[in-house]
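Please keep the viewer open as you read.

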Amino acid sequence: MPTYLEENQNRFIHELIDWLRIPSVSADPKFHGDVLQAADFLKQRLEEVGVENVELCQTAGNPIVYGEKLVDPTLPTVLVYGHYDVQPADPYELWDSPPFEPVIKDEKIYARGACDDKGQVYMHVKAFEVMQQQGGVPCNVKFMIEGEEEIGSNNLAIFVKNNKEKLKADVILISDTGILANDLPSIEVGLRGLSYHEVEVTGPNRDLHSGLYGGAVANPINVLCKMIASLHDENNHITIPGFYDNVATLSAEERADLNRVPHSDEEFKQSIGLPATYGETGYTTVERTGIRPTLDVNGIWGGYIGEGAKTVIPSKAFAKISMRLVPHQTSDEITALFQEHFTRIAPEGVTVQVRPHHGGEPVVTPTDSVAYQAAAQAMETTFGKRPVPTRGGGSIPIVAMFKSELGIDSVLFGFGLDSDAIHSPNEHYGVFNFLKGIETIPLFYQNYAALEKAK
């Protein structure tokens with residue numbers, strides 16, 4: 001006899017597709033109405049599956065969708081976190097199909113937000129439905145799904161500080177990460193922090209003719225490129241004074257354990273079309289993306305970029321620069337170091353402004369907790385293999401904030417793949433992964449309730 005999930009999987013997929021059609025881009029004000037529509041869509045779906053007290057909690061920005069199912073005060077409580085906002089889809093021309101017209105191709109759902117994070121949030125909605133139809137949820141459950149993760153979650157932090165009793169829970173369950181492969185489950189136990197900036201280099205008071213003025217004035221784009229290039233040395237070591245002062249040093253044994261994670265540099269290179277890996281000398285690819293801090297330029301612009309030629313020395317040049325942080329760096333510390341250093345290295349002839357955007361703290365979550373064991377057992381049941389603990393290279397700044405404000409740890413229970421092209425054109429999420437998440441999440445609740453009871 002087919003299970004409830006098997007009987008309803010096509011409906012679950014098409015509901016997700018309906019949600020993915022809504023372009024809930026939080027970074028661009030022109031999509032604000034769509035962001036609100038996406039929040040309302042989620043509110044309705046939660047109500048339909050039996051979540052109670054569902055509401056749109058207003059903030060100074062986009063609303064937070066909250067709901068709960070409190071079955072027994074003696075049972076543990078799981079707080080599910082996710083986000084319904086998505087990254088901008090630009091450049092649209094690089095998509096094989098329109099980013100907000102979802103298509104299923106090669107057993108993958110292609111759309112902006114398919115994996116990050118609508119597809120993974122919707123696993124929890126449908127897993128809740130499955131549990132309701134198969135005897136009810138074995139724990140208390142609270143949902144907190146925000147609409148500003150892609151722009152820094154500033155209003156979420158305020159909401160959490162003001163609603164600690166409402167959000168009281170024993171563990172936070174987050175699916176905004178991934179697994180190593182569909183035949184190799186994993187659970188991320190570490191995330192890097194973030195310090196993000198926009199820099200502006202200003203030269204002359206207007207764009208100048210490059211023939212009349214070239215060679216006699218500082219060109220802001222040339223200067224900016226030199227300044228950026230100076231931020232790494234010949235070993236790809238970041239040159240900002242003090243940048244590494246608080247970086248946690250792992251022992252040889254810890255590094256060896258980390259590198260036991262199955263990884264192939266050849267497959268890594270092939271997957272992104274590169275002839276070689278690149279990074280800080282003395283570290284493996286796994287270490288570079290998990291335990292070492294980084295500095296990257298995320299965008300750079302200035303001058304004339306239209307069709308044809310326009311020979312100018314631009315008045316201004318801009319760049320967006322982000323740094324991924326590791327324990328025990330802090331975003332405030334690195335933000336201050338970057339601002340001071342980048343301003344100091346500017347040559348005469350230009351002025352520099354550094355505008356911090358948002359940041360977040362690195363975090364390492366315990367592997368000996370009841371919640372982690374519940375998640376590992378659930379994955380072992382559905383995948384047939386014990387999951388591998390991994391360190392993730394990305395950032396979910398609110399994980400550290402949850403720990404500091406609510407005093408509880410998170411389990412990073414994601415089902416995406418590195419190849420899902422999140423934040424890139426042609427983002428997608430495997431149908432297998434979506435359904436496997438819905439199959440696995442109810443087992444987490446069962447295991448968690450049983451393990452807590454047995455303590």
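Leaving aside its neighbours within four places in sequence, which residues is valine 121 in contact with? They are Trp19, Leu42, Gly82, His83 and Ile145, where contact means heavy atoms within 4.5 Å. This is a predicted model, in which local features need pLDDT of at least 70, side-chain atom pairs count only at pLDDT 80 or more, and totals for chains, interfaces and linings use all residues. Residues are numbered from 1 along each chain as its sequence is written, and side-chain values use heavy atoms, with hydrogens and water left out.

Valine 121 sits in helix H3 (residues 118–133); helices (H or I, at least four residues) and strands (E, at least two) are DSSP runs, numbered from the N terminus. Valine 121 counts as buried because its relative accessibility is 5% (buried is under 20% relative accessible area, exposed over 50%, partly exposed in between, with a 1.4 Å probe and protein chains only). Valine 86 is 35 residues from valine 121 in sequence and 12 Å away in space, C-alpha to C-alpha.

Now to the sheet. Four strands form an open sheet in the order E11-E13-E9-E14, with antiparallel pairing; strands pair if DSSP finds at least two bridges between them. Strands E11 (294–302) and E14 (351–360) are the edges, each pairing on one side only. On average, neighbouring strands are turned by 15 degrees against each other, direction ignored.

Two helices pack on this sheet, each touching E9, E11, E13 and E14. Axes are lines fitted to C-alpha atoms, for helices over the stretch in contact, and angles run from 0 to 180 degrees between N-to-C directions.

| Helix | Residues | Angle between directions |
|---|---|---|
| H6 | residues 220–229 | about 15 degrees with E13 |
| H10 | residues 331–344 | about 165 degrees with E14 |

Strand E9 (residues 193–202) pairs with E14 in the antiparallel sense over eight bridges, and glutamate 200 has glutamine 353 in E14 as its bridge partner.
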